[in-house]
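I opened this entry to look up the covalent cross-links and the charged pairs. My notes follow in the order in which I checked them.

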Amino acid sequence: MALTALMKVLVLASALLLLFFRVNCFYLPGVAPQDFNKGDELQVKVNKLTSIKTQLPYEYYSLQYCPPNKIVDVSENLGEVLRGDRIENSPYVFEMRESRLCNFVCKIKLDAKAAKDFKEKIDDEYHVNMILDNLPVAVARQRSDGNSLTTYEHGFRVGFKASYTGSSEERHFIYNHLAFIVMYHKDVETDSARIVGFEVTPFSVKHEYEQPWDNDKPRLTTCDPNTKHTVSSSEIPQEVVEEKEIMFTYDVTFQESPVKWASRWDTYLLMTDDQIHWFSIINSLMIVLFLSGMVAMIMMRTLYRDISKYNQLETQDEAQEETGWKLVHGDVFRAPTNASLLCVYVGTGVQFFAMTLVTMIFAVLGFLSPSNRGGLMTAMLLLWVFMGLFAGYASSRLYKMFKGTEWRKNTLKTAFVFPGIAFCIFFILNALIWGEKSSGAVPFGTMFALVLLWFGISVPLVFVGSYFGYKKPAIEDPVKTNKIPRQIPEQAWYMRPIFSILIGGILPFGAVFIELFFILTSIWLHQFYYIFGFLFIVFVILIVTCAEITIVLCYFQLCSEDYNWWWRSYLTAGSSAFYLFLYATFYFFTKLEMTKLVSGILYFGYMTIISYSFFALTGTIGFYACLWFVRTIYSSVKID
């Protein structure tokens, strides 16, 4: 059958891609370990400023921070650019295993615009992100529940608001002194070391200095290693005030650590709530077992009895007296209305299924680690483009089964309907981000590259797949279709399309909604998501749940002599996307504290694309399950 052939090609493609990644994975920049000798120069890079309140990233130097002599952009992959990453060099330079206190960076005087920008970023709780040897800087926090495990906050805040010196008015203070701790794992034999940790403790301190000011050798009285005066939390904080001087300083301390290089990301990926994930899987398995029981009952008892009874009927008159799914055998394979559009969405769903499956395999095997920034998004985008081959194949096979003749027109729709809608939403959202002057706006060059991937690779591959799919012989129906459509009897209220479609989406959504919470948290609260093992199990459960609920409801529909099952099977499983969007709305109002209208539009815009994608994926799974079920049962009875 078409689906079996498709799966064989998919497995082959996965093996080839896996082989490619196997060869190249250890040569990815920043992934291979780097050894440092004592005194080697360590360059700290700066990344975007991020906020969970606005979801609008900005370049580090959009604020009046101390720049290096020359700002150099670090080349980024496609995923990093789409995430809004802008990695640049910084004036923070360390020497390996040489701790130094009270290092002066620069002295700046804030103008009105710079002071306003700092205050806005402090109000919106922006975090500064830095990178050393591909490790993001983190602030160590003790858990509030008394657990001895240390948790990490990604990046440090630009500053804070507080009332000071007895005043009730809140003022803005900037973190201008950074106490870095670099942890390293030493090789006993070679004396070289690898960096395994990068922490920071930010301080706000109003620096004072000895007169006259010497720019080459400044003498700070508030931070002087010679007098052993180091910065602490008891210092007078540095307020953000127009035309006032701010001095930036830092400490760097090196600590030997027993953590090995291979385990250095464990602290960032620490999962303290694995019991919830196990509960999620057990909950989902209960749903699967319940549905499997129903499907087994239908297949083993009811269907076996039905088929035996239908095959024993001696005359056509006796058959006409019967009720049930056999009565609609002459109409059950009648092509649906808007058959071409159904083919388009089935093809798109196959494309999503193939992309998701291969991405999951790579992720579970560890090829898409967070240490490879942007790797997951790049992989998903490229896989989506290459899986256009399967979209065209599945769409044209189905189109030929419906006896369609305009296969080129159908192929064009497959190549443009879903990507076109998603791209239009993305383009509008990108224009809004660009209007906010955020680094999250995709540059023109990257936008051109995306269009080139779509038109230059995806569209031709859809046509290639469609050509081979349409060239194959049409899938034969197990029973003949009558020339005159049978009248569908009046349906009970619970068998009407809207009700049964909405009911069908609840269980697939119920199987994934706990894991969905963690995915939304990782996207919108800037957490690392790396529990792909759990996610893969949940994905398998989702496939089984979508297939089984669609088969059960399709059987009940055919028993009530309603043969319009094509679209309903797709929409039944696909309606889980409606509940996903409702949950995303609930999450927005209960978990997020977005302060800008643009941020809200961005959230609902991107969640619309995600829900739309989920609709295509789950709908296609339900459709193919139902197609297999209907073909199986009607090929099992004797039709005169």
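I took a salt bridge to be a side-chain nitrogen of Lys or Arg within 4 Å of a carboxyl oxygen of Asp or Glu. The model is a predicted one, in which local features need pLDDT of at least 70 and side-chain atom pairs count only at pLDDT 80 or more, while totals for chains, interfaces and linings use all residues. Residues are numbered from 1 along each chain as its sequence is written, and side-chain values use heavy atoms, with hydrogens and water left out.

Entry 1, salt bridges.

I counted 18 salt bridges by this rule. I looked up Arg194 and found that it pairs with Asp35, with 2.7 Å between the closest N and O atoms. Arg194 sits in strand 12 and Asp35 in the loop between helix 1 (2–24) and strand 1, so I noted a link between distant parts of the chain, 159 residues apart. For helices (H or I, at least four residues) and strands (E, at least two) I used DSSP runs, numbered from the N terminus.

For accessibility I called a residue buried under 20% relative accessible area, exposed over 50%, and partly exposed in between (1.4 Å probe, protein chains only). Arg194 is partly exposed because its relative accessibility is 29%. Asp35, at 43%, also counts as partly exposed.

Next I checked Glu436, which forms a salt bridge with Lys596, the closest N and O atoms being 3.7 Å apart. This pair also links distant parts of the chain: Glu436 is in the loop between helix 9 (407–435) and helix 10 (444–471), and Lys596 is in the loop between helix 14 (576–591) and helix 15 (597–634), 160 residues apart.

Are Arg568 and Asp562 buried or exposed? I found both of them buried. Their side chains meet in a salt bridge, at 2.8 Å from N to O. I also noted one network, in which salt bridges that share partners join Lys48, Arg83 and Asp85.

Entry 2, disulfides.

I took a disulfide as a pair of cysteine sulfur atoms within 2.5 Å. How many disulfides does this rule give? I counted two.

Cys66 is joined to Cys106, with an S to S distance of 1.8 Å.

Cys102 is joined to Cys223 at 2.0 Å, S to S. Cys102 is in strand 3 and Cys223 in the loop between strand 12 (193–203) and strand 13 (245–256), so this pair ties together parts 121 residues apart in sequence. The disulfide of Cys102 and Cys223 is left-handed because the torsion about its S-S bond is about -95°. Cys102 counts as buried at 13% relative accessibility, and Cys223 counts as buried at 4%.

With the bonded cysteines of the protein numbered in sequence order, I wrote the pairing down as 1-3, 2-4.

I looked up Cys554 and found it buried, with a relative accessible area of 4%. Cys626 is buried as well, at 0%.
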